[in-house]
Amino acid sequence: MLPAGGRAYVLSFAERAPADWGPAPVAGADVREAFADGWRVRDLREVRFETNDTDVPGSLAVLRRV
């Protein structure tokens with residue numbers, strides 16, 4: 001368990017990622033819901049996973065324990 005002030009980072013495929021790529025995509029709303037109790041969302045942004053074939057949409061969440 002992280003103490004108050006600790007940070008957690010969640011990097012995942014975004015909702016618009018192809019269904020046949022890796023782990024299941026995660027919606028921003030799902031991250032907010034999962035970390036609603038005892039956490040503050042410091043940042044939630046779209047990122048891109050770059051591959052040799054294509055770019056895949058992803059998301060990065062930065063969370064702080066309160």
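How many salt bridges does a search of the whole structure find? The search finds 2, and this tour visits both. Keep in mind that the model on screen is predicted.

**Stop 1: the sheet**

Switch to a cartoon view and select the strands. They form an open sheet of 3 strands in the order β1-β3-β2, and the pairing is antiparallel. Select β1 (7-13) and β2 (39-50): these strands stand at the edges, and each has a single partner strand, so one side of each lacks a neighbour in the sheet. From one strand to the next, the twist averages 20 degrees.

Now select β3, residues 55-65, together with β1. The two strands run antiparallel and are joined by 7 bridges. To look at one residue in detail, pick F13 and find its bridge partner in β3, which is G58.

**Stop 2: the aromatic pairs**

Show the side chains of the aromatic residues. The structure holds 2 aromatic pairs. Select F13 again, this time with F49: their rings form a tilted pair, 4.9 Å centre to centre, with 55 degrees between the planes. This pair links distant parts of the chain, since F13 lies in strand β1 and F49 in strand β2, 36 residues apart.

Is F13 buried or exposed? F13 has a relative accessible area of 14%, so it is buried. F49 has a relative accessible area of 24% and is therefore partly exposed; the cut-off for buried is under 20%.

Next, select F35 and W39. Their rings form an edge-to-face pair, with centres 5.2 Å apart and 90 degrees between the planes.

**Stop 3: the salt bridge of E46 and R16**

Select E46 and R16 and show their side chains. These residues form a salt bridge in which the closest N and O atoms are 3.1 Å apart. The pair links distant parts of the chain: E46 sits in strand β2, R16 in the loop between β1 and α1 (28-34), and 30 residues separate them.

R16 counts as exposed, at 53% relative accessibility, whereas E46, at 48%, counts as partly exposed. The cut-off for exposed is over 50%.

**Stop 4: the salt bridge of D43 and R45**

Finally, select D43 and R45. Which contact do their side chains make? They meet in a salt bridge, with 2.3 Å from N to O. D43 is partly exposed at 23% relative accessibility, and R45 is partly exposed with a relative accessible area of 45%.

Definitions and conventions. Residues are numbered from 1 along each chain as its sequence is written. This is a predicted model: local features need pLDDT of at least 70, side-chain atom pairs count only at pLDDT 80 or more; totals for chains, interfaces and linings use all residues. Side-chain values use heavy atoms; hydrogens and water are left out. Two strands pair if DSSP finds at least two bridges between them. Helices (H or I, at least four residues) and strands (E, at least two) are DSSP runs, numbered from the N terminus. Axes are lines fitted to C-alpha atoms, for helices over the stretch in contact, and angles run from 0 to 180 degrees between N-to-C directions. Rings of Phe, Tyr and Trp (its six-membered ring) pair if their centres lie within 6.5 Å; planes under 30 degrees apart count as stacked, over 60 as edge-to-face and the rest as tilted. Buried means under 20% relative accessible area, exposed over 50%, partly exposed in between (1.4 Å probe, protein chains only). A salt bridge is a side-chain nitrogen of Lys or Arg within 4 Å of a carboxyl oxygen of Asp or Glu.
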